[in-house]
Amino acid sequence: MTENEPTVIARTVVRIVVPIILVTAVALLLQGHNAPGGGFIGGVLTAVAFALIYVIYGLDYVETEILDRTALPRALPGEPVEDESAQRPGVTKEFSEVLAIGLALAAGSGIVAIALGYPFLSQAVAFVEGIPLFHEIEVASALAFDLGVYFVVVGGLLTVIAVVGAE
Amino acid sequence: MQPNQWVMAVIVGLPFLAAALTPLVYRLLGERTAYASAAVAAVSFGLVGWFATTGARGLVSWTWIDAPGFEVALSFYVDGLSLLIGFLASGIGVLILTYSGGYMHEEPGKMKFYATLLAFMGSMLGVAFAADLVVLFVFWELTSISSFILIGHYTGESSSRYAARKSMLITVAGGLFMLLGFLLLAGEGGTFQLLGTEQALFAQAESLREGLRADGLFVPALVLIGIGAAAKSAQVPLHIWLPNAMEAPTPVSAFLHSATMVKAGVYLVGRLRPLLASEEWQLLFVAMGLVTMTVAAILAVGASDIKELLAYSTASHLGLIIAGFGVVGGGASAYGAETGSFHILNHAAFKAALFLVAGIIAHEAGSRLIDDLGGLWRDLPIAAGVTVVAALGMAGVPPFNGFYSKEFLFEATYELAHASGGLWWILPAVAVFGSVFTFLYSIRFLMLFFGEKPDALGHVHTPPWSMRLPAVALAVVAGIIGLGGITATAGVHIGPLEEFVRQVVGATAIDQGGEHGAHFSYYLPTEPTVPVLMSATTIGLGAVAYPFYDQLRDVVRRLRSVSLLSANWYYDSVVEGLDRSRAVESTIQTGQLRTYALVLLLAVSVMTLLAYATAAVGLPAFGSVASPIPMVIVLGVAVVAAFAVTRAPSHIAGVLTLSILGFMVAIFYILGDAPDLALTQLLIETLVLVLFLLVLDKLPPFYGEARRWVLARDAVASAVVGVTVFLTVLVTTAASPASRISNFFLERGGVPAEHGTWILDYGGGANIVNVILVDFRAFDTLGEISVIAMAALSVITLVAMRERGEKQ
């Protein structure tokens, strides 16, 4: 991205579009139970938002500006840093953490069912009544699982994009 | 009494658990991990002893899959034979692990060593107690794998790697033959259960043999299983891995190659003896056993290294055991069972002791060459005492322990020859002939401690107690067995010992539960019977020949160096021949993704097409293709875009036209009332497009000129893949089951009309696709996201850690 500096138009569009994409992604995730959407789609859409930032602002931007970390030295998690100036783009540790959290959430939501005496990954639906304005709200335990899926997809795709994109 | 299920689980499971925990333990205890591991072995030993003393016999089983005709169970069986091998594996395990504490003091890789040794012990215990052919096979191969790691302990040395590879190739290949044999047995018997239930193979031994014979499969099954046993127990000509295996640290040699792993083969022969006993069985195993016994004994005489001598001697004694188990006819069957059962015990005691002595010599004198050693008794008095008991036992000199079991072999061969006559008379002659060499090398080993001490031999240190005690313990066991013979002559029997061997004999006797085992006892002969004369001849010939030991040794070495006579030469030639396959690697292992993709896709397609062809699936009739016009238009655009991709002059044009294709598919989904799919397709398409943007300016702007044949090849490959996918879609959508599964989802997916506060049986969502994904088939989804996680991890490993791997 260094030799072809993106235009102001591109930067401005990304600046406006990315928040919208992210909000849409979360909306897709939450409405998935009753309308098209869900964890996978929401996750992919979130990854698209980040990929846009990568394309327009470069690989370092996410690390320095959003995650507030110094981009250098770039090392893999657990890798000893030998050469401080090595311009080897790294894997952001947060991405792998998101991945792990997602997997834990998905598996954990299944284990909760076991703890309550149901088969692994049994899902339940609860109706909370008497809420003003809505009267009744449906709470599905599947949402926790969906959230796990979402995080895995986001973490996985971002890891892949960061690693492959850095090549 | 039925054995306790959980005790069984601890016996077999604890070593594996301990092996898994070894890295942690090692961090805490360091060198003393040896004693912690020995304690684990002691627990297993104690529990095996508990089984033995409380009379717990019978089947222990954990059922996993219980579908009719497809029973899968982890089942173990406790009887005399399995207890014997269990005792050997765990008991000698205790001693060896203790000994390792002293021996491995300055060796590298101790953590791996103890973990593998424990895992090996667990596998061996599994082999001993397995009551199911599959379970037996799995543990059997686990012993091969763990011994591979142990033999190759010194990973830096090429001889060590060669030895490890050799033992792996031979024992694992043998195990695969054995697996085929097992499958034949199971195919005929209809079950993998070996013994313990009413349907088990043992319960139907008679009809099993007849059935196999009727199909002409009896001899193949016998030979296949025999190859497995021979490979594991180092029978000629598969014995060649055993001497090389001496590259391993001495505790390993003592454990694996005297007491346990090589015993797996003889164990199998003993175990299956009641099942498969027949004329063919006798011919196969008596011949194999006696040939091995003789050839390996001769080779042992030619050995120049003490561990090599012991290795050949091990092969020789295993031959003796197998020959014993082989004898099933002519009224000698009981003697055969007694030979095999008793000699397993005797051999383990004296051979493990001798290996430990060899380790002490190598460690303290700094040499393992027979010619460099002598007069060691002054420096190593305790080892000398151990060796006297153990080596004379090995030589078969009365009243030491090996004498009695060899007497049984002589008796068995003599009785067999006497009953059958003719060529069978070769057997006792060969038995005596082989035993002479056994006597010779045993005495040679003993003489390491006596005579003059060579000047070149420097100061010999005193070994630590952790190394001396195990050897002494084994010698005491061997000595007690020997003493039992003397006292039995005087009318005082060692009750528990005889009772125990009786049970082992009972387990290997052909007439299950018959009276064969009931009479076992051994004593010093008091009158000149034929076996006594044979023993006397052996010792006499040996004593006469011993002064000419060096000449004999030179003759053996000269014979051994003739390549056509050496099994090693054949092994090396075959392995080298196979090694030429490297020539192919430049065309297959190109390191280019497209080569792999081509091979993979073509293989999958061809196999799928072949499967369709063999199954003769019919294609659905193209009667009612009624597509609305919008769909036709969308698909038409997609096809045009697909052609445009192939004609695209640059990468950018290619990517954009490819996206057109993708978006058309998404619209097609929308038209087909699949909003979720359409959304996913749209997003993925967008993501791919964005990703392409990320890498686009790194790629060369134009495609290179491809060669004509490459283009042709790729065209053919893509056509094949396309046709396969097309056919697959047609075939898979053709079937329409009577009760459609979608109805179930449709009924249960949404919120029911009458709903309480908590609903478990219903998905409670209006989006059926999502409800299926996260509720009805959430396990699938969990698997899929695990795949995503794994893919991400592999990308990190493949791409980001590429350089890191090279650095290490």
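## Briefing on a predicted two-chain complex

In chain A, residues 98-121 have end C-alpha atoms 21 Å apart, and this span is 75% helix and 0% strand, where helices (H or I, at least four residues) and strands (E, at least two) are DSSP runs numbered from the N terminus. The model is predicted, so local features need pLDDT of at least 70 and side-chain atom pairs count only at pLDDT 80 or more, while totals for chains, interfaces and linings use all residues. Residues are numbered from 1 along each chain as its sequence is written, chains are lettered from A and ligands numbered from 1 in the order in which they are written, and side-chain values use heavy atoms, with hydrogens and water left out. For the complex, the predictor gives an ipTM of 0.83 and a pTM of 0.73.

**Confidence**

- Chain B has a mean pLDDT of 84, with 95% of its residues reaching 70 or more; pLDDT is the predictor's confidence in each residue, from 0 to 100.
- In chain A the mean pLDDT is 77, and 78% of the residues reach 70 or more.
- The pLDDT is below 50 over residues 72-78 of chain A, a stretch that has 20 contacts in the model beyond near neighbours in sequence, contact meaning heavy atoms within 4.5 Å.
- Over residues 81-89 of chain A the pLDDT is also below 50, and this stretch has 14 contacts beyond near neighbours in sequence.
- Where pLDDT is low, the predicted coordinates should not be read in detail.

**Annotated spans of chain A**

- The unreviewed UniProt entry carries the annotation "transmembrane region" for residues 12-32, 38-59, 98-121 and 141-166 of chain A; UniProt positions are given in the numbering used here, feature names are shortened, and annotations may be inferred rather than shown by experiment.
- One of these spans, residues 38-59 of chain A, is 91% helix and 0% strand in the model, and its end C-alpha atoms lie 28 Å apart.

**Helix packing in chain B**

- Helix α1 (residues 5-29) and helix α4 (residues 110-129) of chain B pack with their axes 8 Å apart, at an angle of about 170 degrees; axes are lines fitted to C-alpha atoms, for helices over the stretch in contact, and angles run from 0 to 180 degrees between N-to-C directions.
- That angle makes α1(B) roughly antiparallel to α4(B), since angles under 35 degrees count as roughly parallel, over 145 as roughly antiparallel, 65 to 115 as roughly perpendicular and the rest as oblique.
- The contact involves residues including B:M8, B:I11 and B:F16 of α1(B) and B:Y114, B:L118 and B:F129 of α4(B).
- By class, the contact of α1(B) with α4(B) has 17 nonpolar, four polar and one charged residue; Ala, Val, Leu, Ile, Met, Phe, Trp, Tyr, Cys and Pro count as nonpolar, Asp, Glu, Lys and Arg as charged, and the others, Gly among them, as polar.
- Helix α13 (residues 306-326) and helix α17 (residues 426-446) of chain B have axes that come within 11 Å and cross at roughly 150 degrees, which makes α13(B) roughly antiparallel to α17(B).
- The crossing of α13(B) and α17(B) is left-handed; a crossing is left-handed if the near helix is turned anticlockwise from the far one by less than a right angle, and right-handed if clockwise.
- In this pair, B:I306, B:L309, B:L310, B:S313, B:S316 and B:H317 of α13(B) meet B:T438, B:Y441 and B:F445 of α17(B), and the residues of the contact divide into five nonpolar, four polar and no charged.
- The axes of α17(B) and helix α20 (residues 530-545) of chain B come within 8 Å and cross at roughly 45 degrees, which makes α17(B) oblique to α20(B), and the crossing is right-handed.
- The contact of α17(B) with α20(B) has ten nonpolar, four polar and no charged residues.

**Local details in chain B**

- B:V389, in helix α15 (residues 381-395) of chain B, touches B:F400, B:A475, B:A478 and B:G479, not counting residues up to four places away in sequence.
- Most residues other than glycine have a negative phi, and most peptide bonds are trans.
- The peptide bond from B:V236 to B:P237 is cis, with omega near 0 degrees, and B:P237 lies in the loop between α8 (218-232) and α9 (241-244) of chain B.
- B:A234, in the loop between α8 and α9 of chain B, has a positive phi of about 55 degrees although it is not a glycine.
- A cis peptide bond, with omega about 5 degrees, joins B:P398 and B:P399, and B:P399 is found in the loop between α15 and α16 (401-420) of chain B.
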